[in-house]
Amino acid sequence: DPALLLDGICKSYNRGTPAEVRVLQGASLTLRKGEAVALVAPSGAGKSTLLHIAGLLDTADAGRVVVGGTDMSAAGDAARTAMRRQDIGFIYQFHHLLPEFSAVENVVLPQRANGVRGSEAEARALTLLKMVGVDHRAGHRPAALSGGEQQRVAFCRAMANAPGVLLADEPTGNLDPATSDQVFEALMRLVRENGMAALVATHNPALAARMDRVIHLAEGQLRDGPFSPAA
Ligand code: ADP
Ligand code: ADP
């Protein structure tokens with residue numbers, strides 16, 4: 001089974017009214033285990049809508065969403081939430097770390113919610129923080145961290161439960177080039193070593209070129225495309 005299958009996804013806002021906006025019109029995508037795919041979309045093309053549907057945060061009007069072989073299209077809220085917590089990791093440009101908890105606790109908590117023992121959860125959290133070079137900040141709360149450090153902690157939190165699918169929106173958007181590289185390398189390592197599948201929305205052609213393939217979102221559909229946005 002692919003890690004994620006989107007099949008003929010349609011989504012409109014204000015459906016059935018004069019203000020209807022048709023965003024996705026038969027968008028399909030197969031994301032295999034162990035591959036990183038760049039998602040390239042002009043602003044307003046429906047990237048957020050697509051990521052929310054793929055991440056089971058929103059539902060499609062039509063089409064199928066299959067995560068790790070399980071068809072989630074008709075699943076109820078409880079099943080969608082369980083799947084999201086277990087098998088899907090999100091990274092957004094604006095991360096919401098829990099302000100009253102330290103960096104390491106922010107990475108431990110999702111694991112505890114998933115039934116992982118405390119000592120094991122902490123060990124994994126520290127390994128992840130080390131991979132992206134913020135382990136020396138493990139005991140600090142988010143407010144004491146720089147934006148780039150917070151973003152790296154958010155990356156670790158998304159990876160905490162070793163999700164089968166990672167959905168990322170400009171995951172290195174506001175990092176300096178060296179740090180951006182480190183986070184991207186960590187992401188690719190998790191893809192290669194854990195067989196994770198990553199769908200990474202980015203406007204950065206250099207980043208896109210380092211992934212396995214590029215998918216373009218335009219006119220409500222997804223198409224395989226060239227690495228260069230100009231082509
Ligand atoms: P992107 O992330 O590519 O910028 P979005 O998925 O956020 O695009 O939005 C796609 C289109 O749908 C845009 O035209 C946007 O204005 C519209 N849209 C998004 N959310 C809503 C909403 N809740 N109600 C109405 N229109 C929306
Ligand atoms: P929690 O276990 O904290 O209750 P949820 O089950 O609500 O989390 O969500 C699981 C994942 O989905 C988390 O990584 C969370 O950051 C993300 N998430 C939840 N709701 C939204 C949203 N509206 N927009 C973006 N990400 C969300």
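Guide: We begin with the terms: helices (H or I, at least four residues) and strands (E, at least two) are DSSP runs, numbered from the N terminus, and two strands pair if DSSP finds at least two bridges between them. This is a predicted model, in which local features need pLDDT of at least 70 and side-chain atom pairs count only at pLDDT 80 or more, while totals for chains, interfaces and linings use all residues. Residues are numbered from 1 along each chain as its sequence is written, chains are lettered from A and ligands numbered from 1 in the order in which they are written, and side-chain values use heavy atoms, with hydrogens and water left out.

Visitor: What do β4 and β5 form, and how many residues lie between them?

Guide: Strands β4 and β5 make a hairpin with two residues between them, and Gly68 in its turn has a positive phi of about 55°. The two strands run antiparallel and are joined by two bridges, and Val66 has Asp71 of β5 as its bridge partner.

Visitor: Which order do the strands have in the open sheet of four?

Guide: In general, strands of a sheet pair through backbone hydrogen bonds, either parallel or antiparallel. Here the order is β2-β1-β4-β5, and the pairing is antiparallel. At the edges are β2 (21-31) and β5 (70-71), each of which pairs on one side only. Strand β1, residues 4-13, is joined to β2 by eight bridges, with Leu6 opposite Leu29 of β2. On β4, β1 pairs in the antiparallel sense over five bridges, and there Leu5 stands opposite Val66.

Visitor: How many strands are in the open sheet with mixed pairing, and in which order?

Guide: That sheet has six strands in the order β6-β7-β8-β3-β9-β10. Its edge strands are β6 and β10 (221-225), each pairing on one side only, and the twist averages 20° from one strand to the next. Helix α1 packs on this sheet, where it touches β3, β6, β7 (165-169), β8, β9 and β10, and its direction makes about 160° with that of β7. Helix α2 also packs on the sheet, touching β6 and β7, with its direction at about 70° to that of β6.

Visitor: Why is strand β3 largely enclosed by the rest of the structure?

Guide: Buried means under 20% relative accessible area, exposed over 50%, and partly exposed in between (1.4 Å probe, protein chains only). Strand β3, residues 36-40, is largely enclosed because five of its five residues are buried. Ala36, Ala38 and Val40 point one way from β3, whereas Val37 and Leu39 point the other way. With β8 (residues 197-201), β3 pairs in the parallel sense over four bridges, Ala36 standing opposite Ala198. With β9 (residues 213-218), the pairing of β3 is again parallel over four bridges, and Val37 has Arg213 as its partner.

Visitor: Is Met131 buried or exposed, and which residues does Met131 touch?

Guide: Met131, which belongs to helix α4, is buried, with a relative accessible area of 18%. Not counting residues up to four places away in sequence, Met131 touches Gln182, Ala186, Arg189 and Leu190. Met131 and Arg189 are 58 residues apart in sequence, yet 9.7 Å apart in space, C-alpha to C-alpha.

Visitor: Which residues of α3 are buried, and what covers them?

Guide: The buried residues of α3 are Ala103, Val104, Asn106, Val107, Val108 and Gln111, and their cover includes α4 (118-131) and α5. After α3 comes Gly115, with a positive phi near 90°.

Visitor: How much space lies in the largest pocket?

Guide: Rolling a probe the size of a water molecule over the atoms shows where empty space is left. On a 1 Å grid over the protein atoms alone, a pocket is an open set of points where a 1.4 Å probe fits, with protein on both sides within 12 Å along at least five of seven lines, whereas in a cavity the probe cannot get out; lining residues have an atom within 4 Å of a point. Grid points are joined across faces, edges and corners, and a volume is the space filled by probe spheres set on the points. The largest pocket holds about 600 Å³ of space. It is lined by 25 residues, of which Ile88, Phe90, Pro110, Arg157 and Ala158 are the closest to its centre. The elements giving two or more residues to this lining are α2 (77-87), β6 (88-91), α3 (103-113) and α5 (147-159). The lining of the largest pocket divides into 14 nonpolar, seven polar and four charged residues, where Ala, Val, Leu, Ile, Met, Phe, Trp, Tyr, Cys and Pro count as nonpolar, Asp, Glu, Lys and Arg as charged, and the others, Gly among them, as polar.

Conventions: Contact means heavy atoms within 4.5 Å. Axes are lines fitted to C-alpha atoms, for helices over the stretch in contact, and angles run from 0 to 180 degrees between N-to-C directions.
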